[in-house]
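Here's a friendly walk through one structure, done as questions and answers. Have a look at it, then follow along.

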Amino acid sequence: MMSHDPVELVPYDPQWPQAFRRIRDRLLVLLPQALSIDHIGSTSISGMTAKPLIDIDIVLPSLGHIEAATDVLLAEGYEPRGNRYDDEVWAFLSKGLVPRERVYLCPAGNGTHRNRLAFRDHLIAHPEAAAEYAALKRRLAGEFRMDGDGYTAHKREFVDAIVARALADDR
């Protein structure tokens, strides 16, 4: 499915970590049952070209906590974006907040969450891989300017390779 919003990449904004901390503090008040609230995605990697959107994983104790957390996010004006990755991850997008926020709810032990942290941490620790990823993103943003799903799909092979390398390094 093609999106209607263009894929917009911007240079790294040094205010993103501070924005994440402010968002995290607000979410911790709203969702005190959260086990962790993690900054993920390109805005969590210093110097990375990124969409101007703070991606956040909220890890809850179990699947049984998802419904109540969903109700809280809906009451706060987040738009539901459905279940992602067929891996017990539910996405929500902020409305009218700057920077925009994409929040994911997932239960403890979630594989997608583990992979996101592995990817983020590997790129932070390996600047050459981060530079390669930034170049790929810029190329794909030009190629798939009006197709966010295509942009994301064509990053998959690179992301999967980095995750596999990061998880192998952790063994």
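Q: Which helix holds Tyr-151?
A: First, some ground rules: this is a predicted model, where local features need pLDDT of at least 70, side-chain atom pairs count only at pLDDT 80 or more, and totals for chains, interfaces and linings use all residues. Residues are numbered from 1 along each chain as its sequence is written, and side-chain values use heavy atoms, with hydrogens and water left out. Helices (H or I, at least four residues) and strands (E, at least two) are DSSP runs, numbered from the N terminus. On that count, Tyr-151 sits in helix 5.

Q: Is Tyr-151 buried or exposed?
A: Buried means under 20% relative accessible area, exposed over 50%, and partly exposed in between (1.4 Å probe, protein chains only). Tyr-151 comes out at 0% relative accessibility, so this residue counts as buried.

Q: How far apart in space are Tyr-151 and Ala-118, C-alpha to C-alpha?
A: Along the sequence, 33 residues separate Tyr-151 and Ala-118. In space, C-alpha to C-alpha, the gap is 21 Å.

Q: At what angle do helix 3 and helix 5 pack?
A: Axes here are lines fitted to C-alpha atoms, for helices over the stretch in contact, and angles run from 0 to 180 degrees between N-to-C directions. Helix 3 covers residues 111-125, helix 5 covers residues 148-169, and their axes are 8 Å apart. The packing angle is about 85°.

Q: What does that angle make helix 3 relative to helix 5?
A: Angles under 35 degrees count as roughly parallel, over 145 as roughly antiparallel, 65 to 115 as roughly perpendicular and the rest as oblique. The angle therefore makes helix 3, relative to helix 5, roughly perpendicular.

Q: How many residues of the contact of helix 3 with helix 5 are charged?
A: Contact means heavy atoms within 4.5 Å. Helix 3 brings residues including Arg-114 and Phe-119, while helix 5 brings Arg-165 and Asp-169 among others. For classes, Ala, Val, Leu, Ile, Met, Phe, Trp, Tyr, Cys and Pro count as nonpolar, Asp, Glu, Lys and Arg as charged, and the others, Gly among them, as polar. The contact divides into 9 nonpolar, 2 polar and, for charged, 3.

Q: At roughly what angle do the axes of helix 3 and helix 4 cross?
A: These two axes, of helix 3 and helix 4, come within 5 Å. The angle is roughly 110°.

Q: Which residue's side chain joins that of Asp-57 in a polar contact of 2.4 Å?
A: Asp-57 is in strand 2, and at 0% relative accessibility this residue counts as buried. A polar contact is a pair of N or O atoms within 3.5 Å; within protein, one must be able to donate a hydrogen and the other to accept it, and residues adjacent in sequence count only if both atoms are side-chain atoms. The partner of Asp-57 at 2.4 Å is Arg-116.

Q: Which peptide bond is cis?
A: Look in the loop between strand 4 (89-93) and strand 5 (100-107), where Pro-99 has its place. With omega near -5°, the cis bond is the one from Val-98 to Pro-99.
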